[in-house]
Amino acid sequence: MDLGVLHLSTDLPVAADAVAWSDYDAHRWMLIACAGLLLLSIREIMKLTPSMLGCIVRSRGNLEVEHSVSTARSRNTCAFVLAIPFILFADRYRLYETFFIPDWDEPLPRFACLSGTLLAYLLLRRLLHALLLGVSRHRMDSESLSAVTRGMYNYFICTVVFMLLTVSGIYIFDASDATVRNILWIMLALMLLLSMVRESQILRMNCSGLVTFLYLCGLEIVPAAILIASGFLL
């Protein structure tokens, strides 16, 4: 027995490589299905682009979208299609994390929970719109009411398209997940801000400044605050 020699290895054990999001087969199939869906919808999205850009530069663009039944129907379809890559972005870059969202090792339940969260947010928003605008003494025409209720879909479409282009562009620079996550959060914040500005401009056509502010608090700020708080606090 050699008591003067340390027989244990002095090399640090090599940690197992972390499993990446794309290493799961379910995620790969989701990406393939999403890419196929986008390819099938690309013509419709491009046809809708001028109307969506019009909503960005002026508030009346939202009214013009609602005035055309075919354009509004196409907008609703494209918003539904683009919700799929949006949920995948939220999954891949952990844009929303809370106690009931499983980790990456449960791809399908995680996707279902994120989809349910988005649906719950939209239902809460629609419920508040129905309650506040339904009991309001300030009556609006049908186009203005639809523009206030569904105007966010216009900016959602633009934001997801910008997300697709941005992530594709910075992917070649091998940016960290944290960097991409911060960029996507900024884009979502700008989308919400622009949507509220345009919505307030439409409301001001029918309401006073104070009533418009109170509407925005109930219609937009409360649902967004609940969603953000549930992600940070739970």
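Residues are numbered from 1 along each chain as its sequence is written, and side-chain values use heavy atoms, with hydrogens and water left out. Because the model is predicted, local features need pLDDT of at least 70 and side-chain atom pairs count only at pLDDT 80 or more, while totals for chains, interfaces and linings use all residues.

**Overall build**

The protein chain has seven helices and zero strands, where helices (H or I, at least four residues) and strands (E, at least two) are DSSP runs numbered from the N terminus. Of the 234 residues in the protein chain, 41% are buried; buried means under 20% relative accessible area, exposed over 50% and partly exposed in between, with a 1.4 Å probe and protein chains only. Among the contacts (heavy atoms within 4.5 Å) with a separation of 6 or more, 72% join residues 24 or more positions apart.

**Helix 2 and the pair of helices 5 and 6**

Helix 2 spans residues 60-67, and its residues G61, N62, L63, V65 and E66 are buried. These buried residues pack against helix 1 (25-57), helix 3 (69-92), helix 5 (142-171) and helix 6 (177-204).

Helix 5 and helix 6 themselves pack at an angle of about 155°, with their axes 9 Å apart; the axes are lines fitted to C-alpha atoms over the stretch in contact, and angles run from 0 to 180 degrees between N-to-C directions. The two helices are therefore roughly antiparallel to each other, a term that applies to angles over 145 degrees. The residues of the contact of helix 5 with helix 6 divide into 19 nonpolar, four polar and two charged, counting Ala, Val, Leu, Ile, Met, Phe, Trp, Tyr, Cys and Pro as nonpolar, Asp, Glu, Lys and Arg as charged, and the others, Gly among them, as polar.

**Selected side chains**

The structure holds three aromatic pairs, meaning rings of Phe, Tyr and Trp (its six-membered ring) whose centres lie within 6.5 Å. One of them joins F99 and F100, with 5.3 Å centre to centre and 90° between the planes, and is edge-to-face, as planes over 60 degrees apart are called.

S230 lies in helix 7 (residues 209-233) and touches Y96, E97 and T98, not counting residues up to four places away in sequence. The table gives the accessibility of these selected residues.

| Residue | Relative accessibility | Class |
|---|---|---|
| F99 | 62% | exposed |
| F100 | 35% | partly exposed |
| S230 | 13% | buried |

Note on methods: Parallel < 35°, antiparallel > 145°, perpendicular 65-115°, else oblique. Phe/Tyr/Trp six-rings, centres within 6.5 Å; stacked < 30°, edge-to-face > 60°.
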